[in-house]
Amino acid sequence: MKFLIVDDEKNIRKTLKIILSDYECSITESDNISDAKTLIDNEIFDVAIIDIRLPDGSGLEILKYLKSLSSETVVLIITAFSSTETAIDAMKAGAYDYITKPFNLDEIRIIIKNIVEKISLQKKIKNLEHYQDAYQNIIGKSLVMRKVFNMIDKIAPFDTNVIIIGESGTGKELVAKAIHNKSRRSYKPYITINCASFPSELLESELFGYTKGAFTGAYTSKRGLIEEANNGTLFLDEIAEMPISLQAKLLRFLEEKKIRPLGSNNEVPVDVRIIAATNRDFLDLLKKGDFREDLYFRLATFEIKLPSLSERKEDIPLLIDHFVKVLSKKFNKEIIKIDPVFIDTIMQMELRGNVRELKNIIEREIILSEDGCLRFTPPHPLEVSYKLPFIEIPDSGLNLEEYLTEIEKNLLEKALLKANGVKTKAAELLGLTFREFRYKLSKYKKFTEKENE
Ligand SMILES: Nc1ncnc2c1ncn2[C@@H]1O[C@H](COP(=O)(O)OP(=O)(O)OP(=O)(O)O)[C@@H](O)[C@H]1O
Ligand SMILES: [Mg+2]
């Protein structure tokens, strides 16, 4: 527990320190407002014991400063016995309690004991919430997902590196965060960087940092993200996009656990756990030589493969429920009912964007819904993911017009067949009006009639 004592009287600070020596805590001291504010800027204190009368102003200023930072620091005010009005002001401004000078030691002991107990309890509750939060957002009870959860639980407490592999939108970022949350590093930094969003040199300076003047434009020195993540976790998203040259540098870091910022001669020891993710096929990358094998083996002490949504269809209703709850709250729209057709349609769709696509569809339908019922609005034709037939262009080439005509003809026939010959229904199946359908059909009829002539 961290205490801050602000009082200009050395003896009072000493007395307080003696009382606090009963507890396992760190104590920082200050005798004026301005230094106290700097300390507060740099550290989060659990408790601040502040004298009202300070050489550079009223201690209430520190209290107000803490509150303006919406800090959770518990503030105990020290006031002269005579000035109860200030004590009331302090309580109004959010102080936890006040003690009066001259000190009644027993009274102070009790107040401090209460504060310490209150904070320990709060910390325990927070820890518990934090633990539950760790998973809160990853939905799934299918066997494949249960295996994923099990794996997260197993590997989280250890400092091993992890690679998460999965198609786009399968929840790689969520899993990475869950591993961090469940690890002993959970209260330390969690830094993420997307390797695909920086050009090569920039990615290097982002990761390793640089000193002033290291390259044109380096006007100040900057700590790299690896160092920022010290004692915590660094999530390298889309790791496959990391240029080969930088892969070598990352590997060296993993082996030596030290980094040297660009332009610096000094090596800085850093302790980070690396979690990497990709939606690419690693075997393929390794085969093509686009990814260093030695780095891969360093990173992939454990590999978590996230299933695509089509491999866990039984989770879809759960996910729908979850997103309806979360998103209807977000958009402040009440959804009372979900059209069963909605669920059926989603179950049958090929969601290549996985959970993200599902979430987007639900978001759209919540926004569109006017009567509290969630139903399916047929998507814009471009959004439908069609399974295209495998087409190989012959060496001699092909005639696109003729080819497309053939496909169109084929689809008209299939629609007619599916609609049992009912043309209005067939037209609907292809998103055409009856007239358009009839016209197209007559065009092909002519062809076939001509062919038969
Ligand atoms: N199992 C899940 N439960 C709840 N929400 C999920 C789940 N999986 C993914 N999501 C949600 O879907 C969206 C995409 O997830 P995330 O960003 O983790 O995917 P990703 O695998 O990193 O995708 P990409 O490769 O495109 O970066 C997020 O909004 C996330 O909250
Ligand atoms: Mg991602």
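E238 is placed in the loop between β12 (233-237) and α10 (244-256); helices (H or I, at least four residues) and strands (E, at least two) are DSSP runs, numbered from the N terminus. The structure is a predicted model, in which local features need pLDDT of at least 70, side-chain atom pairs count only at pLDDT 80 or more, and totals for chains, interfaces and linings use all residues. Residues are numbered from 1 along each chain as its sequence is written, while chains are lettered from A and ligands numbered from 1 in the order in which they are written.

**Loop residues**

Although E238 is not a glycine, its phi is positive, at about 50 degrees. A residue is buried if 20 or more other C-beta atoms lie within 10 Å of its own, exposed if 12 or fewer, and partly exposed in between, with C-beta atoms placed from the backbone. E238 has 17 C-beta neighbours inside 10 Å and therefore counts as partly exposed.

K257, in the loop between α10 and β13 (258-259), is another residue other than glycine with a positive phi, near 55 degrees. T220 belongs to the loop between β10 (209-210) and β11 (222-223).

| Residue | C-beta neighbours within 10 Å | Class |
|---|---|---|
| E238 | 17 | partly exposed |
| T220 | 8 | exposed |

T220 and E402 are 182 residues apart along the chain, and their C-alpha atoms are separated by 63 Å.

The shell comprises 16 residues, of which S168, G171, K172, E173 and V355 are the closest. α7 (172-181) and α15 (354-368) are the elements that give two or more residues to this shell.

By class, four residues of the shell are nonpolar, eight are polar and four are charged. Here Ala, Val, Leu, Ile, Met, Phe, Trp, Tyr, Cys and Pro count as nonpolar, Asp, Glu, Lys and Arg as charged, and the others, Gly among them, as polar.

Two strands pair if DSSP finds at least two bridges between them. An open sheet of five strands has the order β2-β1-β3-β6-β7, with parallel pairing. β2 (26-30) and β7 stand at its edges with a single partner strand each, so one side of each has no neighbour in the sheet. From one strand to the next, the twist averages 20 degrees; axes are lines fitted to C-alpha atoms, for helices over the stretch in contact, and angles run from 0 to 180 degrees between N-to-C directions.

Within this sheet, six of the seven residues of β6 (residues 74-80) are buried, so the strand is largely enclosed by the rest of the structure. β6 pairs with strand β3 (residues 47-51) in the parallel sense over five bridges, and V75 in β6 is the bridge partner of A48. Five bridges also join β6 to strand β7 (residues 97-101), again in parallel. In β7, Y98 is the bridge partner of I77, and D97 stands opposite L76. The peptide bond from K101 to P102 is cis, with omega near -5 degrees; P102 lies in the loop between β7 and α5 (105-136).

A further open sheet of five strands runs in the order β9-β12-β15-β8-β16, also with parallel pairing. Its edge strands, β9 (190-194) and β16 (302-305), each pair on one side only. Neighbouring strands are turned by 20 degrees against each other on average, direction ignored. β12 and strand β15 (residues 273-278) run parallel and are joined by four bridges, with F235 standing opposite I275 in β15.

**Helix α16**

How does the span of helix α16 (residues 400-418) agree with 1.5 Å a residue? The expected span of a helix is 1.5 Å times one less than its number of residues. The 19 residues of α16 should therefore span 27 Å, in agreement with its end C-alpha atoms, which are 27 Å apart. α16 is followed by N420, which has a positive phi near 50 degrees.

Terms used
Near = placed C-beta within 6 Å.
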